[in-house]
Amino acid sequence: MFKTSDGRQFDIYKDSVNDGLCMVAAEDKDYFIADPALGFEGEKVSADGKEYTLAPLCHANAVKMRALFPWTTPTRVLDRDKTVGVGDRLGIATDGHLRVFKKYPEVTPILAQQSIRELNLTNRTFADVIDSASFAVFRCGYKTGWGADGDHVKTASEVSYALESGCTMITLDCSEQIDNTIEHLSKEQVFSKYVPNKDLEDIYMNKSFDVGEGVVISFDEELYKRTVLIYSKAIEHAIDIFFNKIISNGKQLADFEVSIDETMTPTLPAQHFFVANELVRHKVRVSTVAPRFCGEFQKGIDYIGDIKQFSAEMKIHAAISRHFGYKISIHSGSDKFSIFPSAGKETKGRFHLKTAGTNWLEAMKLVAIKDPSLYRAVHKYALTAFEAATAYYHVTTDLNKIPNIDTLTDAQLPDLFKLNDSRQLIHITYGLILNEKNKDGSYAFKDKLYTLWRKYREEYAQLLFDHIGHHVKDILQK
């Protein structure tokens with residue numbers, strides 16, 4: 001307990017105590033208690049005859065903290081075998097995440113992981129996301145390294161924004177450069193659309209490639225031409241971004257992931273090889289590649305598809321990644337429990353897994369447990385907002401399968417989070433829920449939600465420890 005001379009009391013986070021600085025909790029927010037000599041911005045206070053600075057958790061103090069304690073600064077970590085991205089849309093989930101990574105020290109987290117879409121829907125910035133993670137790292141005394149991902153950035157300006165904000169990983173989303181129409185064309189249509197390219201034809205057409213581990217990749221004429229038509233522009237985009245943004249004065253500024261998963265076109269193993277080989281041929285250094293796997297990786301629910309087929313194709317995708325020296329990245333990894341054992345096995349324990357929205361679902365489950373009336377109001381609003389939210393996410397939710405909330409008791413509300421359709425209802429409407437306002441301009445839900453999450457932050461951390469811990473345990477096959 002830290003008590004100022006004017007009678008204010010703060011609980012000290014014991015894991016945050018360092019020379020001249022610690023973090024404390026008031027009822028509504030956290031603060032630093034700093035030696036004035038450290039130069040933190042804040043209010044001058046006294047306690048036990050000594051002077052201190054009661055410093056808010058603002059950006060200027062985040063910069064000061066990172067300068068003093070380098071382990072609170074994100075670094076490039078994708079060279080480590082096992083990494084997991086745990087995007088925190090709300091800025092309050094990292095304490096629970098860190099409990100998981102303290103239990104499984106062989107896994108390194110990407111704690112700050114947000115897309116431009118998520119930033120826009122939550123009215124946040126990359127700087128805010130990184131600061132929130134940095135503060136939690138200090139609060140929890142986590143000193144073994146973590147990363148920050150500018151997730152699903154698409155343009156040169158978005159990449160620059162992420163890098164300038166301090167992201168140590170860039171996930172380049174090439175979905176807008178992938179031609180999804182090609183998959184459904186006939187052989188004759190593909191041949192008609194293809195523009196001859198002798199250099200590529202000499203390398204790939206009617207050629208086979210032994211990538212080791214008994215895996216041979218072969219291209220007949222049709223597969224080669226179809227692959228070129230689907231992925232050539234995506235490869236060109238990745239090459240351009242890498243050399244014009246990721247590389248500066250010969251130095252690579254961040255780990256680089258190429259994402260070709262946010263499309264309707266599954267990535268055949270041969271197509272994965274083509275993309276990877278072209279990147280390597282053009283001297284692009286990737287840490288991870290995210291293929292579009294067979295089946296469906298929808299938000300907030302388990303894998304939809306043939307698990308045997310997934311395992312068979314993952315074995316080949318993983319062999320290709322090892323051949324080129326990078327890791328497979330599994331996107332929309334939240335709650336894909338049925339394929340985690342296969343993913344862990346076939347990647348031989350060298351992988352990158354991304355989760356995000358499931359943290360929001362755990363936060364809303366907490367609301368259902370602690371304040372049923374507030375949850376009921378949010379749920380009813382989500383039903384009206386669902387159609388608008390589908391502009392951002394592909395889901396197969398059937399609203400008719402969601403029980404009428406007026407027929408459920410308060411004790412039954414948390415069970416809604418065991419149902420795929422109600423999970424997806426709440427999952428994809430998060431931005432609309434957080435931004436909905438009353439007629440007087442006040443937030444309809446946001447302030448009430450954050451007040452509840454603050455009050456029950458220990459319970460939220462435990463929910464995340466259990467839920468994200470389930471993810472990590474399964475992919476580690478423990």
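Colleague: A cavity is a set of points where a 1.4 Å probe fits but cannot get out, and its lining residues have an atom within 4 Å of a point. With that in mind, which residues of the lining lie nearest the centre of the largest cavity?

Modeller: The model is a predicted one, and the structure holds three cavities of 30 Å³ or more. In the largest of them lies about 220 Å³ of space, and β8 (108-115), α3, β9 (147-153) and β18 (351-355) each supply at least two residues of its lining. The lining consists of 22 residues, and those nearest the centre of the largest cavity are E118, D151, K299, S332 and A356.

Colleague: How do the residues that line the largest cavity divide by class?

Modeller: Because Asp, Glu and Lys count as charged, Ser as polar and Ala as nonpolar, the residues nearest the centre, E118, D151, K299, S332 and A356, already include members of each class. Taken over the whole lining, the division is two nonpolar, twelve polar and eight charged residues.

Colleague: Which helix gives the most to the lining of the second largest cavity?

Modeller: The second largest cavity has a volume of about 50 Å³, and its lining is made up of A318, S321, R322, Y326, I328, T347 and R350. By class, these residues divide into three nonpolar, two polar and two charged. The helix that gives the most, with three residues, spans residues 307-324 and is α10.

Colleague: Turning to the open spaces, which helix supplies the largest share of the lining of the largest pocket?

Modeller: The largest pocket has a volume of about 1200 Å³ and is lined by 39 residues, with D30, G91, I92, R139 and R454 nearest its centre. By class, the lining holds 15 nonpolar, seven polar and 17 charged residues. Several helices supply at least two residues each, namely α2 (94-103), α4 (126-140), α15 (430-435), α16 (446-455) and α17 (457-475), but the largest share, six residues, comes from α4.

Colleague: Which residues are the closest to the centre of the second largest pocket?

Modeller: The volume of the second largest pocket is about 630 Å³, and its lining has eight nonpolar, twelve polar and nine charged residues. Both α3 (116-122) and β17 (327-330) supply at least two residues of that lining. Of the 29 residues that line the second largest pocket, the closest to its centre are R117, D261, E262, T263 and K299.

Colleague: How many residues of helix α14 are buried?

Modeller: Helix α14 covers residues 420-428, and its buried residues are D421, S422, R423, Q424, L425, I426, H427 and I428. What covers these buried residues includes α12 (357-370), α13 (372-389), α15 and α17. Helix α14 is therefore mostly covered, since buried means under 20% relative accessible area, and the number of its nine residues that are buried is eight.

Colleague: What distance separates the C-alpha atoms of Q177 and I230?

Modeller: Q177 sits in the loop between β10 (169-173) and α6 (187-193), and with a relative accessible area of 21% Q177 is partly exposed. Leaving out residues up to four places away in sequence, Q177 touches I230, K233, A234 and H237. Although Q177 and I230 are 53 residues apart along the chain, their C-alpha atoms are separated by 8.4 Å.

How values were computed:
Residues are numbered from 1 along each chain as its sequence is written. This is a predicted model: local features need pLDDT of at least 70, side-chain atom pairs count only at pLDDT 80 or more; totals for chains, interfaces and linings use all residues. Side-chain values use heavy atoms; hydrogens and water are left out. On a 1 Å grid over the protein atoms alone, a cavity is a set of points where a 1.4 Å probe fits but cannot get out, and a pocket is an open set with protein on both sides within 12 Å along at least five of seven lines; lining residues have an atom within 4 Å of a point. Grid points are joined across faces, edges and corners, and a volume is the space filled by probe spheres set on the points. Helices (H or I, at least four residues) and strands (E, at least two) are DSSP runs, numbered from the N terminus. Buried means under 20% relative accessible area, exposed over 50%, partly exposed in between (1.4 Å probe, protein chains only). Contact means heavy atoms within 4.5 Å.
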